[in-house]
Amino acid sequence: MIQTNRWENALRQAITKPEELLTILKLDNNLLEAAKTSAALFPLKVPHSFVARMKPGDRHDPLLLQVLPIEAESFSHPDYVTDPLHEAAFNPVSGLFHKYHGRVLVTFVGTCAINCRYCFRRYFPYSENNPGTLGWDKALHYIAKDSSIQEVILSGGDPLIANDRTLTLFSEKLNQISHIKRLRIHSRIPIVLPERITPDFLKWTMQLQQKPVLVVHCNHPQEINQSVRDAMQSLRNAGVVLLNQTVLLKGVNDSANTLIELSETLFDAGIQPYYLHLLDKVDGAAHFDLNVQTAKTLYAEIEQHLSGYLVPKLVYEKAGAPSKVSVSSLIIK
Ligand SMILES: *Cc1c(COP(=O)(O)O)cnc(C)c1O
Ligand code: SF4
């Protein structure tokens, strides 16, 4: 008999119907039509346990705003495109991106546990970049040939959609490449669905030959509940380095108080703030964007209130740059 984990069931039961989300949160039905229209462009998807962290009746809830399809998504804007990072240019092998020195990003799976409305994944052809177990060999061959690569980053989609058996199959192959020192996972799942951090997953992290680094993705302190704290504690006990990246989003976390509380809450949960990203200019997400001047002003304010190590780096991705670029280097016209 195939055993299914609690997290796999939770994933299967994720809310995908706008009417169900509105009913659970006791929200006005006048949001329904736009939600259905925009969900047809990029589906609604959100697990029940994440919805349980939202405030019923509040249509401006910061967690709700990240997942509810709204009318503004269908407004196009000349600066917002379907491939804002020009990823296609750094894609030597299906499922592998080599943009920066010393590290490659592998798009491990094409889906996520949640569909964030601001995500650039809404248009990226991940179905073509979801090599699966067969395609790994090509990616691993590329990695094996280049000894300047020390770190492999599993990204997606969300790599923790893969089950523990799949992760083990991959890491067994990766273990044969001795120049890989670190295995980094970029995932929103430990926040959205903390029950994913199973005993088997913890065992997997402990037997890796590479140092495990987990970069979670949390945008608001309200996302961190006791289940998330417990999962983080068990990861720390297993020796996993925990970092966080946040996307700066209008209406969600664009206040100094929220960002300060976020850094403090993350650190209390054992997570080190790493990056605060400006939004990628993806078509349909313009309503989440903050202009650079506003972002810089906010950032200056959090710098004045937080210990240095609690201040994430404010960065954006620039096509062709050798790393993520610090916003402080941006000259405002
Ligand atoms: C963001 C990113 C990385 C990791 O960059 P760090 O600055 O090391 O966190 C690696 N590869 C790609 C393609 C990326 O987009
Ligand atoms: S890749 Fe990350 S930001 Fe995008 S939908 Fe998935 S979890 Fe959300």
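1. Helices (H or I, at least four residues) and strands (E, at least two) are DSSP runs, numbered from the N terminus. By that assignment K203 belongs to helix α9, residues 199–207. Helices (H or I, at least four residues) and strands (E, at least two) are DSSP runs, numbered from the N terminus. By that assignment K203 belongs to helix α9, residues 199–207. The model is predicted: local features need pLDDT of at least 70, side-chain atom pairs count only at pLDDT 80 or more, and totals for chains, interfaces and linings use all residues. Residues are numbered from 1 along each chain as its sequence is written, chains are lettered from A and ligands numbered from 1 in the order in which they are written, and side-chain values use heavy atoms, with hydrogens and water left out.

2. Overall form. The protein has twelve helices and nine strands. Its radius of gyration is 19 Å, close to the 20 Å that the globule rule gives for 333 residues, so the protein is as compact as a globular protein of that length. The radius is taken over C-alpha atoms, and the globule rule is 2.2 Å times the number of residues to the power 0.38. Along the principal axes, the C-alpha atoms fill a box of roughly 55 × 55 × 40 Å.

3. Burial. Of the 333 residues, 56% are buried. Buried means under 20% relative accessible area, exposed over 50%, and partly exposed in between (1.4 Å probe, protein chains only).

4. Ligand 2. The residues around ligand 2 are C112, I114, C116, Y118, C119, R121, G157, R188 and H217; each has a heavy atom within 4 Å of the ligand. This shell divides into five nonpolar, two polar and two charged residues. Here Ala, Val, Leu, Ile, Met, Phe, Trp, Tyr, Cys and Pro count as nonpolar, Asp, Glu, Lys and Arg as charged, and the others, Gly among them, as polar. C112, one of the shell, is buried, with a relative accessible area of 11%.

5. Cysteines. The count of disulfides is zero, a disulfide being a pair of cysteine sulfur atoms within 2.5 Å. For C218, the closest cysteine sulfur is that of C116, 11 Å away and too far for a bond. C218 is buried, at 0% relative accessibility.

6. Backbone points to check. G156 and G157 are joined by a cis peptide bond, with omega about 10°. G157 lies in the loop between β3 (151–155) and α7 (164–174), and is also among the residues around ligand 2. K26 has a positive phi, near 55°, in a residue other than glycine. Most residues other than glycine have a negative phi, and most peptide bonds are trans. K26 is placed in the loop between α2 (18–24) and α3 (32–41) and is exposed, at 67% relative accessibility.

7. Two buried loop residues. F120 sits in the loop between β2 (103–107) and α6 (132–145) and is buried, at 18% relative accessibility. F120 and V282 are 162 residues apart in sequence, yet 5.5 Å apart in space, C-alpha to C-alpha. A14 is in the loop between α1 (6–12) and α2, and is buried with a relative accessible area of 11%. From A14 to R165 the separation is 151 residues in sequence and 22 Å in space, C-alpha to C-alpha.
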